[in-house]
Amino acid sequence: MSGILILLVAVPLMTAFLLSVTALPQKVPHTTLMKLRNVLSVSGMGVLCVILAVCAPAALSGHVLTYTVGGWSPFLGVALRLDAFSFSLVVVSVLVCFLALFYSIPHMGYMRRMGKYDAFYFLMVAGIVGVFLTRDIFNMYVFFEILSISVFVLITAGEKKESYKASLKYLILASLSSALFLFAVGIIYASCGSLNMDYAAEGMKSMVEENPELMYVVFTLLLVSLGVKTSIVPLHFWLPDAHSIAPTPISAILSGIILKVSIYAMVRLFLLCGWQFYSEVSPIIAYTGAATVAVGTLLALVQKDIKRMLAYSSISQIGIIVTGIGIGTDLALQGALFHVVNHALMKSGLFLCAGIIAGQSRTREISKLQMGAPGVAVSFVVLSLGIIGVPPLNGFVSKFIICYGAVQAQYSGLAFIILAASVLSCGYYFRVIQAFFKKKKRRKKTPMYRVSRFMSFPVYILAVLCVILGLFPLIGLQIADLALKMVGG
Amino acid sequence: MEMSIIVRTTTRFLAPLMLLFGVYIILTGHLNPGGGFQGGVILGSVLLLFYLAFGLREGRFSENVASLIEDVSALLLVVVGLLGMLLGKAFFSTFLENSFSGIFGAGVVPVINTLIGLKVGTAFVVLFYTFFKYMRREP
Amino acid sequence: MDVFVILAVVIPVLGSGATLVLPHKRWTALFCSGVSFGVLCRLIIEPLPLEFIIRLPMNPLHIGVFIDGFSLIFALLLSFLFFLAVVYSSYIEARRYYSLLLLDLGLLLLIVFSQELLIFYVFLEMSTIVTYFLVIYNETEEAVKAGFKYLIMNVGGAILILLAILLKGSSLGALLFVAGCLVKAGSFPVHVWLADAHPAAPSAVSALLSGALVKVGVYSLFRFAPHFGADLSWLIPVALTSMVIGVFLALVQSDVKRILAYSTVSQLGIVLLGMVLQSDASVSGVMLHFVNHGLFKALLFLCMGCVIYATGERNIHHLGGLHSKMPVTAAACLIGCLSISGIPPFNGFVSKSILFHALESPVMKAAFVITSAGTVASFTRLFRHTFLGKSGAKVKRIPRSMRLPLLLLSGLCILLGFFPGIVLSLTGYTVECDVWSSSAVPEVLLTAGLGIAFYFVGLKTKVILETPSFSIVDRFFCGCGKSIEYFSELLDRWLTQDVNYYAAYMILFLVFLFFLLSF
Amino acid sequence: MTWVNGITIGIVLVLIGFYGVMTRKNLIKIVLCIDIIFLGLILFFVSIGYVEEGVAPVLGEFTLFVDPLPQTLMLTTVVVGLSTTALALALIIKVYEKYKTLDVRELK
């Protein structure tokens, strides 16, 4: 049964290669080619969902599926592992990628014909699923690279002038961060002899006693390298350009899922070096997280472009998650894990809504936006209420738990920052919502291009999911609690 | 814009040797240093040598064919990996090993190496083609 | 009997969904609010206090319902006012208006019935958001701006309450909770959103806003202050200033609705004062004034709504001489003005005199007298300028459904004037001092005379005519908003550099972290 | 001079690379410095597995052999470094085509 794990990574890879094969011959009449590619991509995702459904009962009931690739002993070889923590994140990412795929079928028609956009899309999905599953640090680095390279290409799918600049800036900073990550992996390997997380954990514990200096080096390297990928405050510079200029489905996945991948890696690796070392070091993570929340919210206040505003707001939300991780108590970690899932759903929904609305009002200026389809506007309101943390929705539940954990762990200053930030975020989100209500004379009767079902129905699903998770949060909280045990919390 | 006659004759003489050497590197990858990637690069460079020497006209080995081979070999690579699983062993495991020493001794490893070599070689060919297309476009 | 409570809450919430779907939306809205009001009346007979827990399936929070006399009265007032608002707003066609109204009713009832703090906060936040969408219903530039200010301050207040819940143990928690409730109640320092939200909202919504919603803050203070063990004595100066300042601001306003908004601020100051004193008489006075203020303030707002609907004019100087064209509205407005200024036969007189006798220190008595005199002055000015004097603007006919609530409310004002016992019997408090016989009546006449003297003195010295722009507090809040924006603009400009600096920041951060860790 | 070995030189190369990225203004030079960083890392990694008088563990009998694992890992890092650089250069071509400049200061 545990053989299925490798399929989780192999299936997207195969769909990627199949798609790049179909992208080639121009002789086949164009429309059938497009239909074929659509069918292929949707079925690829479908198979992925089926596999997840098959291994859902095992993962959710608490025991762990491991799989060693190539029959090598886990000490040397690459081991894959699926437990509640990685399972919940894989499910969320596959769901969001599936919905973004639906969104991109009509939206990016011209882009998919001529390029291997779909192939890179599925390479990215393989990279995401790969990072969530691997138990081997170096393999995590390789999947991170697969993920980043395919994202660099996907950012430029918009063929806009700034997209190349943004992608280049992201590439430079991301490759610097992976260099640091590799450096840390090297040190871990040199001191612990093995790259597998379980064996490395014992090595790290012994290392903490002998020379804590080396341990500090490894920790700072990991924090900075993953910090760049999660865009903590002093390292967040690439995020606004990359997220706002990328085409809508890609920016939805970028800020919804790919930030969470590095958060997942951060949780895994930090808890690797033992609980005692972690509690000694966690105040630093908490304070960096709080700084991220503050700076992210302040910068989001002044943005004129709706997507840039959403990008900055995901910086502040990531700050909240990092603060939750930094606080370190069980409750705060549980809240942080639940907020990871919530934010992934909410933020990708918001980006898809912003894409539709910006497309219909033909501008990305916040003040000039018009309410296109009422359904999309309502789901935009619901999702932004979730992000702000208004009670019935899931954002409130996880933010409240993190603040509650913060107060319990004598970090009440952090709770104050998080709540003050949510008031400010209410400010800039409602600046967008009120633009919908302002009566504006339509300049010329611009033909509102019809929002095809494919584009708006993912948004409705995400909004409904947020409301369900908000009204019945125990679903998410139990999984987060289970995940916490898996991580050794 | 072909090169001088000397370069053209030497390439005509050297190209098959380089191809042979590349194939050798790929096939004996598991015995002595070398392997799929390095051999593939050598195959790619053979084609580059041809273009430099004989001018940038697209021969029989056009870009579409190269890109097709690249994707097919990638697909086969994953399929071979999955084959290992069907036979009950783990993914990418060597399931054909037998007593022969030499090339066929290591079961599936040389197959994997050749596929990787093919993919990398054709990838380089496609890379060079795109650069030529870029250079040849009117400014 | 807990079925009735659930019924009273669930029907409006379901109704809000139904109005979006069913064809004749106004009738469904009427039906739902009417049924909810009826069910609550049915509850009067039940033995109070009522307590039970509703558990949600997969949700850690459980809704603990606790109903005693005070919350039942407040719930009755709420559902009655909402019913009248639905009857009144016949000229509004949009479906979302009715569904939002019903949703707001359901949420407010849940607030009134909730027992624990967290559940109270949850519904408070939801009702703030729903009211925001009601306030900006007119979609004019001014309405949207006022709505934005309303939202930011109320969400800020709610976040203060959330912080208080988190820091429940410490004394800071009590301070934050009281501050949050003050923001919600719109007392002096944070009354700014009240003054802007009322003129911008449709008249039925502004009637609800000042009649019921603003009282949620005071109610939550009454209900949850003991949880924090907070001594509210430091609130007295705040209540006094908001009483006096509210009245004087009301005196100088030109917009009709703004006058009523500022008078709400002062009336709430009175209620707050009574609440803080915690003596038996003052609490009974507070409860009575709660209901009375709800009734006559809603009456006044609806009258002004009719005036604005008929003449389309809001500025008090352009109105005049409407008594002949709109006799019903004029009569209702007269009753409202008299009862708010506490003239004997009406309900305002009863609760104000109870409160007056409950005050101890001379300072409070003086402030109370000044406030009621100021109220008399501002409402004579309001009535004189709109209904008496030369007949100016042409008048549009008011539909019958807008006149019905006026009659109902003025009837109730008179009824409660004569028999205040009806309300107080529910809460178990009794009306100690027999109001009619004692010295109350001459005192009231004295304050009324003082008020009218205020009015004429003000008229002579031209203070009342042109309105000095007295909005220091308003500029303070907009100012800090602008400064946050300016600071983040600065931050944004400073942070965008080129890639070299970003790489440099990365390395500096690395080195900084390492040194931070090793020492 | 016992501490001058593969590891320290690798670290020095990484630092040189970082210095280059921080100070150079031309985009192509920045990409090249990133390559230097990756080369430094590969040297650092390979020299981790170094064993005195070790022999490469390929065919033939041997007792003391150099740890092969870092070398296999470095195969992948080489490929990753190559593809990142190729992508970066392609992007630089496009940036030059659109912005007509390679100086970092203009690309705020």
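How many helices and strands does the secondary structure of chain D come to? It comes to three helices and zero strands, where helices (H or I, at least four residues) and strands (E, at least two) are DSSP runs, numbered from the N terminus. This is a predicted model, in which local features need pLDDT of at least 70 and side-chain atom pairs count only at pLDDT 80 or more, while totals for chains, interfaces and linings use all residues. Residues are numbered from 1 along each chain as its sequence is written, and chains are lettered from A and ligands numbered from 1 in the order in which they are written.

**Overall form of chain D**

- Read from the N terminus, the elements run α-α-α.
- Chain D has a radius of gyration of 18 Å, whereas a compact globule of 108 residues would have one near 13 Å (taken over C-alpha atoms; the globule rule is 2.2 Å times the number of residues to the power 0.38).
- Along the principal axes, the C-alpha atoms of chain D fill a box of roughly 60 × 35 × 15 Å.

**Inside chain D**

- Of the 108 residues in chain D, 30% are buried (20 or more other C-beta atoms within 10 Å of the residue's own, with C-beta atoms placed from the backbone).
- Of the contacts in chain D between residues at least 6 apart in sequence, 53% join residues at least 24 apart (a contact means C-beta atoms within 7 Å).

**Where chain D meets chain A**

- Chain D brings 25 residues to the contact and chain A brings 21 residues.
- On the side of chain D that touches chain A, α1 (6–23), α2 (27–48) and α3 (68–99) each supply at least two residues.
- The most comes from α3(D), with 14 residues.

Notes. Buried ≥ 20, exposed ≤ 12 C-beta atoms within 10 Å, placed from the backbone. Contact = placed C-beta atoms within 7 Å.
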